[in-house]
Amino acid sequence: MENCLFCKIIAGQIPAKKVYEDERMVAIEDIAPQAPLHLLLIPKIHFSNTLDMTAAEDETIGYLMRKGGEIAREKGVAESGFRLVQNNGAGAGQSVFHLHLHLLAGREFAWPPG
């Protein structure tokens, strides 16, 4: 998508603090962190959110979830706990309409969220 912030980051047109990248995804530091560790896990294919998913994206989401766990281990937060969050729509807090997961860790989280 030509006006998508995350597509521009993936293409290298906008700088970001990357902590992981492979052929399927990129993980970057959030510019407005809500926890001591706040990363965004972004697939390299563009779709807005879970409402735009087809069966073709099922593997992509599973991959993001698994990589989120691996990154949590690498960052030393797996044992203390972490969250993987995905917002759908502006009313749920989504501000960039390219599906992504938030990996949050390093503080206590309340339940229910929000």
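**Notebook: core and fold of the chain**

I note that the model is predicted.

I then turned to the nonpolar cores. The largest has 15 residues, and within this core M25, L37, L41, L64, I71 and L103 touch the most other members. I traced its origin to β2 (25-29), β3 (37-43), α2 (58-74) and β5 (101-105), each of which supplies at least two residues. The largest share, four residues, comes from α2. Apart from this core I found another, of ten residues, including C4, V26, I28 and V96.

Next I recorded the fold. I counted two helices and five strands in the protein chain, and from the N terminus on their order is α-β-β-β-α-β-β. The radius of gyration is 14 Å, close to the 13 Å that the globule rule gives for 114 residues, so the chain is as compact as a globular protein of that length. I read the box filled by the C-alpha atoms, along the principal axes, as roughly 40 × 30 × 25 Å.

For burial, I noted that 39% of the 114 residues are buried. The accessible surface comes to about 6,800 Å², and carbon and sulfur atoms account for 53% of that surface. Of the contacts between residues at least 6 apart in sequence, 54% join residues at least 24 apart.

I checked the charges as well: the mean positions of the 11 positive and 14 negative charges lie 5 Å apart.

Last, I examined the segment after β5, where P112 lies. The peptide bond joining W111 and P112 is cis, with omega about 5 degrees.

Notes:
Residues are numbered from 1 along each chain as its sequence is written. This is a predicted model: local features need pLDDT of at least 70, side-chain atom pairs count only at pLDDT 80 or more; totals for chains, interfaces and linings use all residues. Side-chain values use heavy atoms; hydrogens and water are left out. A nonpolar core is a set of buried Ala, Val, Leu, Ile, Met, Phe, Trp, Tyr and Cys residues joined through side-chain atoms within 4.5 Å. Buried means under 20% relative accessible area, exposed over 50%, partly exposed in between (1.4 Å probe, protein chains only). The radius of gyration is taken over C-alpha atoms; the globule rule is 2.2 Å times the number of residues to the power 0.38. Contact means heavy atoms within 4.5 Å. Accessible areas come from the Shrake-Rupley method with a 1.4 Å probe; for residues, only the protein chains shown count as cover. Lys and Arg count as positive and Asp and Glu as negative; His and the chain ends are not counted. The place of a charge is taken as NZ of Lys, CZ of Arg, CG of Asp or CD of Glu.
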